[in-house]
Amino acid sequence: MILAVLLAATSLLAGSCRDTKMGGQAEAQNQPVKRSELHAEDFDPKPDTPPALKISGQRAYQNLKDFVALGPRPLGSSGHAKAEQFIVSHLDGAQIEQDRFNVQTAAGPFAMDNIIAKFPGRKDGIIVLAGHYDTNYPLRNTSFVGANDGGSNVGLMLEIASQLRNHPSEGYSIWLLFTDGEEATVAWTDEDSVYGSKHLAKKWAQDGTATKIKAFLLLDMIGDKDLHLEHDTNSTPWLLDVVTRAGQRLGQQSHFSTRSNTISDDHIPFREVGIPVADIIDLDYGFDNLYHHTTQDTPDKCSAESLQVVADVVMETIRALNTH
Ligand SMILES: [Zn+2]
């Protein structure tokens with residue numbers, strides 16, 4: 001993963017200021033509200049909004065450990081093929097689409113495979129939960145397994161899949177997107193990164209899927225025992241505010257950082273085709289970021305508790321998004 005630029009400290013917890021000409025007044029006049037004019041406050045769940053799915057951080061953490069036990073999974077490796085099989089084998093009950101393609105990277109040509117698990121809902125529209133499953137290619141000859149960096153989001157997404165199987169969404173359809181080729185193959189640049197997302201965002205723009213996606217929530221490095229989620233200025237402001245307000249309602253605001261970061265990640269190509277995006281990420285992993293992209297990124301640096309916090313925030317965010 002990822003390039004980030006630290007910006008000045010800023011306070012985000014108050015959410016956006018409300019412009020009086022926006023959603024609330026339009027609703028009062030019984031006029032249809034344009035989604036683009038809604039503010040984060042407009043999504044605060046109403047009493048009749050169905051409760052959020054109960055997701056287990058413990059099971060997500062067990063998935064993380066099982067997934068990481070497959071070994072390193074850089075592009076082109078047998079571990080990568082095993083990772084694809086592992087993910088697909090845990091998606092029973094979903095409609096699975098594999099977006100396979102070949103791409104020229106900075107390190108040569110590779111076959112890649114974005115895996116999409118579709119769980120239909122009752123409302124017309126889609127919420128995408130996304131995260132990558134490849135491990136860092138430049139570290140391919142080490143024992144790097146990316147427990148947090150790739151493993152944490154896969155662990156949580158597979159737990160969400162197991163719950164959606166038995167508890168279909170009352171709101172929008174939920175698509176779980178396991179992206180490939182997120183990592184740079186040589187060194188992170190806009191060109192040498194997020195290969196899978198660039199490919200799929202283009203496809204979704206061309207086939208009309210992009211216009212059906214109400215929100216794209218990216219999960220990345222969410223297992224850190226010491227969890228502090230960033231305020232990413234590359235995310236769509238209203239959507240990141242919806243996420244932050246969900247965290248506040250759950251009493252989890254201490255896990256949200258007040259500093260702003262500008263983060264390059266899998267969400268950028270989807271933002272560029274007009275999809276609202278939010279990156280849910282903790283980019284400070286271990287003292288002085290010591291565990292990021294090192295062989296110390298192992299399951300013991302992650303926790304079921306952190307995965308539980310993120311799971312709850314994501315589910316409460318979906319509950320909020322289903323109000324409009
Ligand atoms: Zn990474």
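Me: Which residue in β9 is the bridge partner of Leu 218?

Reply: First, a note on the ground rules: this is a predicted model, where local features need pLDDT of at least 70, side-chain atom pairs count only at pLDDT 80 or more, and totals for chains, interfaces and linings use all residues. Residues are numbered from 1 along each chain as its sequence is written, and side-chain values use heavy atoms, with hydrogens and water left out. Strand β6 and strand β9 (residues 277-281) run parallel and are joined by five bridges (strands are DSSP runs of E, at least two residues, helices are runs of H or I, at least four, and both are numbered from the N terminus; two strands pair if DSSP finds at least two bridges between them). In β9, Leu 218 has as its bridge partner Asp 279.

Me: And which residue in β6 is the bridge partner of Ile 126?

Reply: Strand β4 (residues 123-132) runs parallel to β6, with five bridges joining them. The β6 partner of Ile 126 is Ile 213.

Me: How many of the eight residues of β6 are buried?

Reply: Buried means under 20% relative accessible area, exposed means over 50%, and partly exposed is in between, with a 1.4 Å probe and protein chains only. Strand β6 (residues 213-220) is largely enclosed by the rest of the structure, because the number of its residues that are buried is seven.

Me: Which β5 residue is the bridge partner of Ile 116?

Reply: Start from strand β3 (residues 108-119), which is largely enclosed because 10 of its 12 residues are buried. On one side, β3 pairs with strand β2 (residues 95-105) in the antiparallel sense over 11 bridges, and a hairpin of two residues joins β2 to β3. β3 also pairs with β5 in the antiparallel sense, over five bridges. There, the partner of Ile 116 is Leu 177.

Me: Is Ser 173 buried or exposed, and which residue's backbone nitrogen lies 3.0 Å from a polar atom of its side chain?

Reply: Ser 173 is in strand β5 (residues 172-179), and with a relative accessible area of 12% Ser 173 counts as buried. Its contacts (heavy atoms within 4.5 Å) include Phe 119, Pro 120 and Lys 123, leaving aside residues up to four places away in sequence. The backbone nitrogen lying 3.0 Å from the Ser 173 side chain belongs to Gly 121.

Me: What do the buried residues of α6 pack against?

Reply: Helix α6 (residues 237-249) has 13 residues that should span 18 Å at 1.5 Å a residue, and its end C-alpha atoms are 18 Å apart, so the two agree (the expected span is 1.5 Å times one less than the number of residues). α6 is mostly covered, with 10 of its 13 residues buried, among them Trp 238, Leu 240 and Arg 245. Those buried residues pack against β6, β7 (229-232), β8 (256-264), β9 and α8.

Notes: A polar contact is a pair of N or O atoms within 3.5 Å; within protein, one must be able to donate a hydrogen and the other to accept it, and residues adjacent in sequence count only if both atoms are side-chain atoms.
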